[in-house]
Amino acid sequence: MRDAQARVTRREDYRQPPFLIEETHLDFQLYEDSALVTSRLKLRRRPGADAGAALVLHGRQLELLELALDGRAVAEDARELSTESLRIHCVPDDFELRCVTRIHPRDNRSLEGLYQSSGMFCTQCEAEGFRKITYYLDRPDILSVFSVRIEAERERYPVLLSNGNLLQSGADGNRHWTRWHDPFPKPSYLFALVAGELEYLGDSYTTGSGREVALRIYVKSKDLDKCNHAMRSLKAAMRWDEETFGREYDLDIFNIVAVDDFNMGAMENKSLNIFNTSCVLANPATTTDMAFQRVEAVVAHEYFHNWSGNRVTCRDWFQLSLKEGFTVYRDAEFSADQGSRTVKRIADVNVLRSAQFAEDAGPMAHPVRPDSYIEISNFYTLTVYEKGAEVVRMLRTLLGAEAFRAATDLYFERHDGQAVTCEDFVKAMEDASGRDLAQFRNWYSQAGTPRVEVSAAWREEAGEYTLTMRQSCPETPGQENKLPFVIPLKVGLIGDAGALPLKLAGAEPDFETPDNTSMVLELTQPQHSFTFTGLPERPAPSLLRGFSAPVKLEYPYTHDELLKLMTRDSDGFCRWDACQQLAVSVIQAVQDGAGEVDGVLPGAFEQVLNDPSLDPALVAEMLRLPALNYLVEQVVEADVHALYAARERVRLAIGKALQPLLLQCYQHPATVQEYQPSAGQIAVRSLRNTCLAYLASVDSEGVELALRQFETAANMTDQQAALAAVVNNSGDSRSGDVLDAFYQQWRHEALVVDQWFQVQSLCPRDGALQRVRKLLEHPDFELGNPNKVRAVVGAFCSGNPLHFHQLDGAGYQLLVDIVRQLDPMNPQIASRLLTPLTRWRRFRHGRELMQDALRELASQPDLSADVYEVVSKSLSNQSNQ
């Protein structure tokens with residue numbers, strides 16, 4: 001990829017396509033060693049386009065067999081064929097193009113385009129996979145009506161699926177066929193095909209207007225008992241979208257197919273969603289509570305795309321957050337409504353702070369709407385998805401519920417059937433609300449995480465409390481100077497008895513809060529001061545309530561103020577955040593040489609455990625110490641090993657100090673109920689297993705508790721929690737015994753084996769690198785299966801920083817070796833594994849070795865564009881946060 005930099009795609013270079021494709025007719029002849037694809041495209045020149053422009057179609061790894069224009073073969077001297085495109089000269093304004101190509105799905109290990117997974121044909125076309133199927137205008141602003149015929153051997157592939165409604169089916173000897181039609185124009189990235197030996201769980205849903213929709217989830221026969229939760233989640237999502245956003249499903253059938261080998265979590269292809277098995281299969285015996293929640297969220301996310309992504313799609317890939325950020329916001333709200341809103345918010349914020357903020361601070365930093373890319377697959381990022389969702393959430397906060405709903409209605413109505421931009425989305429918000437959002441657009445165009453520094457002044461005699469807030473944003477690659485953002489910062493003031501009424505000098509109260517104890521302050525300038533009057537006591541400021549904006553907030557809290565927030569704040573997020581800040585303070589003090597662990601943290605946790613008013617799920621979150629990756633992000637230069645040692649000292653001190661109380665909480669009698677992935681049951685299991693993790697770290701009696709739970713667990717949540725507690729706190733012999741028992745019990749369940757891999761990869765005990773190398777040689781590990789790679793390599797490199805950053809650099813070399821093997825077959829997964837190496841500037845020790853690892857990859861002669869982009873930017877761009 002030495003010429004990769006010459007192929008940078010820039011947003012400013014977007015041009016409308018010279019040709020449009022009104023109809024797409026596809027015929028697939030599927031065989032074991034190949035597939036023949038015949039396409040008939042009805043094209044016309046776009047009005048206003050250059051009358052002499054040639055037709056240039058995208059195509060990659062295709063064998064062109066036939067090419068005809070309006071029924072006549074295209075001469076070789078009238079066309080130009082390259083490894084990336086097919087150019088046809090002198091075409092009329094309206095014509096039909098027929099093309100026959102041969103492809104080899106069985107050999108396609110990139111898992112893009114049409115490929116085989118466990119003997120099944122399936123597709124993944126987003127972002128640019130369709131060009132591996134046939135020559136086409138493979139760009140999201142080309143919307144066409146698709147008709148598809150699929151033919152295959154009947155015995156081996158009894159199920160043949162594509163987008164839209166089934167029109168016909170038939171058989172001819174040992175082969176059979178189906179014909180599908182999708183009446184809604186769509187871009188090629190939403191095309192889907194599945195052919196395989198599958199069974200389905202069927203159900204139906206009646207929409208608000210009375211349309212009966214057939215629902216089917218296709219899986220291998222052995223997995224039929226793992227589909228019920230996904231089906232319930234789908235029906236709940238369909239109802240929720242009608243009630244919350246007024247969006248109703250528009251076809252007669254909605255299909256989901258589970259696939260073993262899949263780069264993503266799932267894909268929202270119109271009416272034929274293709275899912276990674278890990279995001280659709282769920283059963284109490286094999287699936288944890290967290291995985292149940294993930295299935296619910298991903299099923300909803302892909303369904304919600306039917307409107308926010310399919311009916312209204314992206315003009316170009318720079319607008320990716322238009323569909324992904326908006327849909328992540330929608331699925332987060334759905335999940336919050338299904339369970340604990342506070343705990344869902346905490347989970348989302350943990351991802352932002354530990355991973356997305358790090359992305360903002362690294363060499364791959366980019367705005368929510370990027371300006372350029374070498375490989376678009378590298379921009380399916382937390383910035384586009386999670387930060388993009390936070391931008392939508394801020395619009396909801398600023399506009400209010402009623403205006404926001406009116407704005408989304410206007411957006412869908414105005415742009416149904418179109419490929420549009422982030423600007424179109426914001427314009428709908430403006431037009432529906434009457435609010436000027438010019439400055440708010442900075443969230444789409446500027447990279448980096450804004451910082452808000454807050455200071456306070458108290459005038460006791462006047463009962464006045466002034467908060468001064470200063471916003472800034474560090475420079476990022478290509479963006480040195482930043483304009484001020486619009487930051488909605490929700491605040492409250494907490495006194496000895498709880499939240500205090502707010503009266504802001506010179507402003508009307510926030511009437512959205514009935515008791516006037518919470519208010520949204522809008523920061524639009526580099527500095528603001530806000531004075532609250534009529535206060536009977538000096539308050540503790542409750543800042544960034546509900547995490548109202550994706551910013552780093554800095555305020556010099558005292559321990560007493562944090563304790564007041566932890567015990568008296570009505571905002572669950574701020575209670576949890578106060579715990580996190582107190583824990584960070586105590587851990588950093590230990591790292592800096594404090595002789596003893598400050599008893600303020602165990603004392604605070606004791607109060608939390610003894611508070612019966614708190615949701616057990618929130619208690620569990622408050623008791624969990626900040627993750628090591630989060631602690632790394634709190635300092636300019638991190639010493640991973642010193643941070644880990646300090647965190648472990650604090651964890652052990654808490655476990656010892658609270659051992660009787662933790663044991664009492666763990667052993668608290670609960671009514672025995674049949675397992676349900678309900679919010680109430682999940683909360684109880686979460687708290688018990690959090691207590692068990694502390695107890696197992698204290699002494700052998702705690703480990704014995706974990707062993708008994710492992711042996712008697714009636715669900716995977718409890719069994720896996722016990723497994724991790726034993727493995728993380730025992731010697732090789734005992735941990736080896738439980739690992740062997742777990743594997744023998746579940747070795748025929750691929751997703752459970754992934755959990756088995758992951759527990760070992762994340763284990764912080766000595767010898768981690770040797771264990772990972774051994775796992776790479778295990779018969780169940782497959783380098784070609786993304787789930788296996790993520791469970792072993794991804795978990796170790798991203799989730800086990802203590803051992804990945806081994807001082808001799810062996811962890812870095814392991815990653816380099818894996819990427820070199822994986823890049824030729826699956827560059828998407830290879831490039832994503834590299835994220836930990838891109839953050840080399842953050843680490844005090846090992847940065848030279850991390851750079852050496854990147855340079856070794858850069859020296860490879862045949863890097864993919866995916867890996868080249870990550871490596872080259874990591875070595876050239878400077879980190880500024």
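**Aromatic pairs and their surroundings**

Analyst: F573 and W576 both belong to helix α10 (residues 572-591), three residues apart, about one turn of the helix; helices are DSSP runs of H or I with at least four residues, numbered from the N terminus. The model is predicted, so local features need pLDDT of at least 70 and side-chain atom pairs pLDDT 80 or more, while totals for chains, interfaces and linings use all residues. Residues are numbered from 1 along each chain as its sequence is written, and side-chain values use heavy atoms, without hydrogens and water.

User: What describes a pair of aromatic rings?

Analyst: The distance of the centres and the angle of the planes describe it. Rings of Phe, Tyr and Trp (its six-membered ring) pair if their centres lie within 6.5 Å; planes under 30 degrees apart are stacked, over 60 edge-to-face, and the rest tilted. The structure holds 41 such pairs. In one of them, Y411 and F412 are tilted, at 5.5 Å centre to centre and 55° between the planes.

User: Why is the pair of F573 and W576 tilted?

Analyst: The pair is tilted because its planes stand at 45°, with the ring centres 5.7 Å apart.

User: Is F573 buried or exposed?

Analyst: Buried means under 20% relative accessible area, exposed over 50%, and partly exposed in between (1.4 Å probe, protein chains only). F573 is buried, at 3%, and W576 is buried, at 2%.

User: Which residues form one aromatic cluster?

Analyst: Among them are F245, F326, Y411 and F412.

Technical notes
Helices (H or I, at least four residues) and strands (E, at least two) are DSSP runs, numbered from the N terminus.
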